[in-house]
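Let's learn to read a couple of structural features together. Have a look at the model below before we start.

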Amino acid sequence: MQLIEKAPAKINLGLDSPYHHQDGAEEWNMVMTSVDLADYVDIQTLSTHKRIRVASDSGFLPNDQRNLAFQAAHLLQTKFHINEGVNIRIKKNIPVAAGLGGGSSDAAAVLRGLNQLWSLDLSWQELAELGLQIDSDVPYCVYGRTAHVRGRGERITPLSKLPAAWVVLAKPKVSVSTPSILQQIRYDELDHPDIDALLRAIRNQDIESMCAAMGNALEPLTATRHPEITQLKQQMMKFGADAAQMSGTGPTVFGLCSKQSRAQRVFNGMKGFCREVYLVRPLP
């Protein structure tokens, strides 16, 4: 049996970590949304053996146990004692190590796909809880829609759709190690964004207030290492973005625009500063 799952990129409209747990894991308070830049994950189950194989068209992606899609298949296969193998082929469109959740979204696609192919009948919440064993972004990516994300990443509250907006993504020529950024967190020094104000703005469909309330507490940590991030933000605002911010632990910067014409102008301008630039819409 075989199916293809879409695995969209995510961006963090708001990202805060108020404290960490005794085991060192971060407590998250985030607002996330998905955009129409996506990988496509082809999942085929095989009754002839139990091997899991992953292939992709990206030379930057591991195809072994380090791959989150592999881990997702192995998790379900082991937990539910499945005697079938899986072939996974990933068509990569989301940049790797970019703060856009590409690996987590691929893993979530495998969880959703195998839940269907193996008739496991797991709920979204059950898939999300399993996904937390792989990475903190996987639970959100299981849902793949605008949501308030709390806890270690497993508490997902879907939100109403965003006000009409266009998004320009720009990834500089650097890659960021998420663990190395998280190790730098000093909670008494973080500038915590107002997540409650951001949630109110989304409920009220108020894009001006939404842009004003956006914030990423980890941005200064990454931008100190990679000043390109601040430069890209400044250029996006100069070209007319209503707001600009780093996604996740970076390095991708996104600009939010309420008008398509302005988004096109930002997109055209950013292509002179960055090789990987995308003009996308938030998913409904």
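Here is a short chat about cysteines and a pair of helices.

Q: What should I know before I start?
A: This is a predicted model, where local features need pLDDT of at least 70 and side-chain atom pairs count only at pLDDT 80 or more, while totals for chains, interfaces and linings use all residues. Residues are numbered from 1 along each chain as its sequence is written, and side-chain values use heavy atoms, leaving out hydrogens and water.

Q: How many disulfides does the structure hold?
A: A disulfide is a pair of cysteine sulfur atoms within 2.5 Å. Here there are zero. Take C211: its nearest cysteine sulfur belongs to C257, 8.5 Å away.

Q: Is C257 buried or exposed?
A: Buried means under 20% relative accessible area, exposed over 50%, and partly exposed in between (1.4 Å probe, protein chains only). C257 is buried at 0%, and C211 is buried too, at 12%.

Q: At what angle do helix α2 and helix α3 pack?
A: Helices are DSSP runs (H or I, at least four residues), numbered from the N terminus. Axes are lines fitted to C-alpha atoms over the stretch in contact, and angles run from 0 to 180 degrees between N-to-C directions. Helix α2 (residues 102-117) meets helix α3 (residues 124-131) at about 130°, with axes 10 Å apart.

Q: Which residues make the contact?
A: Contact means heavy atoms within 4.5 Å. From α2 come L111, R112 and N115, and from α3 come W124, L127 and G131.

Conventions:
Helix = DSSP H or I, 4+ residues; strand = E, 2+ residues; numbered from the N terminus.
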